[in-house]
Amino acid sequence: FLPKPVPPAQVLQAVTQLLPKEATAAKVMVVDDDPQILATLRSLLEPWGLRTICIEDPRRFWETLEASAPDLLILDINMPHLSGLELCQIVRQDSHWCGLPILFLTAYSDANTVNQVFAVGADDFVSKPIVGPELVNRIMNRLDRIELLRNLAEIDPLTGVANRHKSTQDLERLLNLAKRHHQPLCLAVLDIDRFKLVNDTCGHAVGDAVLRQLGQWLLHSLRREDIVARWGGEEFICGLYGMTSQDGVQRLTDISIGWQQQQSTHPQCNIPITFSAGIAHYPQHGADLETLYRVADKALYRAKKNGRGRVVA
Ligand code: GH3
Ligand code: MG
Ligand code: MG
Ligand code: MG
């Protein structure tokens, strides 16, 4: 395998934001004008592996939210300049943040306040003084649920790699990043060769196992910042940041050779499994995903026509 190219630090940092959430610690953002409360929450949450982003001044709310992209938000009600209720209302109206779990932590626990809190769209309410274990449990349960829902929505259950919906979003973001940082982005479309024969000869269950194996092989052969997804059927897609078509051909060829050497046959099926791949890259072949995909798919067609088991740009 080739040594992995290292993109510049700032690019790497930006790419890290595209990584699956489970690879990074969950982030909790807290807005409270009382520094003591912020300190207490930090010391309570950090031992649980949660990253705590604290702000005292609610006027810094929006910039902090966008910069830190938290997984959960804790709000105080009474603060100078802006109340937590107002903040909650604004967040719920924003299409990007409307799904963010919001928990209120406040000194007031009368029925009217509780009503108001839920009326503006809060998910949970806890009254001060803070009871550590209860608060931690409420937060952890909610984060667990979010993680679960996210996986259901983004991971292909058969292969364990991202699904088409998730990878489309990630590829769009990676492409924007490539444009901003004047980097190439390589798109590879992979298709298993004569897969119908595998199903017909060895059975659908073996076919499924082969799909899973290849998905995992791709996932582990690529860099963390690369994208790999099941596009549909026996077709996969890869997004390789900072790589041209030539880099992509080299990389995919290495992956294909590795695959053939190590696990190209399934124990219950002695048909050697190969795949073909077509490659395109931004900026040479297009500036939007649809065009890049079309070019890569045409290259895939040539790979099939010229004998399969090859990578073509
Ligand atoms: P080619 O080399 O030209 O790609 O030949 P092929 O047989 O792979 O091509 P084709 O697209 O005609 O067949 C794809 C097959 O993949 C047909 C379909 O039954 C099978 N397939 C698609 N999704 C799944 C799946 O989830 N599990 C299994 N076991 N098979 C699948
Ligand atoms: Mg307050
Ligand atoms: Mg196909
Ligand atoms: Mg096929």
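Me: By class, which residues does the shell around ligand 1 have?
Reply: Asp, Glu, Lys and Arg count as charged, Ala, Val, Leu, Ile, Met, Phe, Trp, Tyr, Cys and Pro as nonpolar, and the others, Gly among them, as polar. The model is a predicted one. Sorted in this way, the shell around ligand 1 has four nonpolar, four polar and eight charged residues.

Me: Which residues come nearest to ligand 1?
Reply: A residue belongs here if its C-beta atom, placed from the backbone, lies within 6 Å of the ligand. There are 16 residues around ligand 1. Of these, the nearest are D193, F195, K196, G207 and G233.

Me: Which element gives the most to the shell around ligand 1?
Reply: Two or more residues each come from β6 (185-192), α8 (195-202) and α9 (204-221). With four residues, the element that gives the most is α9.

Me: What handedness does the β-α-β unit of β4, helix α5 and β5 have?
Reply: Strand β4 (residues 102-106) and strand β5 (residues 124-127) run parallel and are joined by four bridges. In one of the pairings, L103 has D124 of β5 as its bridge partner. Together with helix α5 (residues 111-119), the two strands make a β-α-β unit that is right-handed.

Me: What percentage of the residues of the protein count as buried?
Reply: The protein has 11 helices and 10 strands, and its C-alpha trace spans about 75 × 45 × 30 Å along the principal axes. To count as buried, a residue needs 20 or more other C-beta atoms within 10 Å of its own. Of the 313 residues, the buried share is 34%.

Definitions and conventions
Residues are numbered from 1 along each chain as its sequence is written. Chains are lettered from A and ligands numbered from 1 in the order in which they are written. This is a predicted model: local features need pLDDT of at least 70, side-chain atom pairs count only at pLDDT 80 or more; totals for chains, interfaces and linings use all residues. A residue is buried if 20 or more other C-beta atoms lie within 10 Å of its own, exposed if 12 or fewer, and partly exposed in between; C-beta atoms are placed from the backbone. Two strands pair if DSSP finds at least two bridges between them. A crossover is right-handed if, with the strands pointing away from the viewer, the path from the first strand over the helix to the second runs clockwise.
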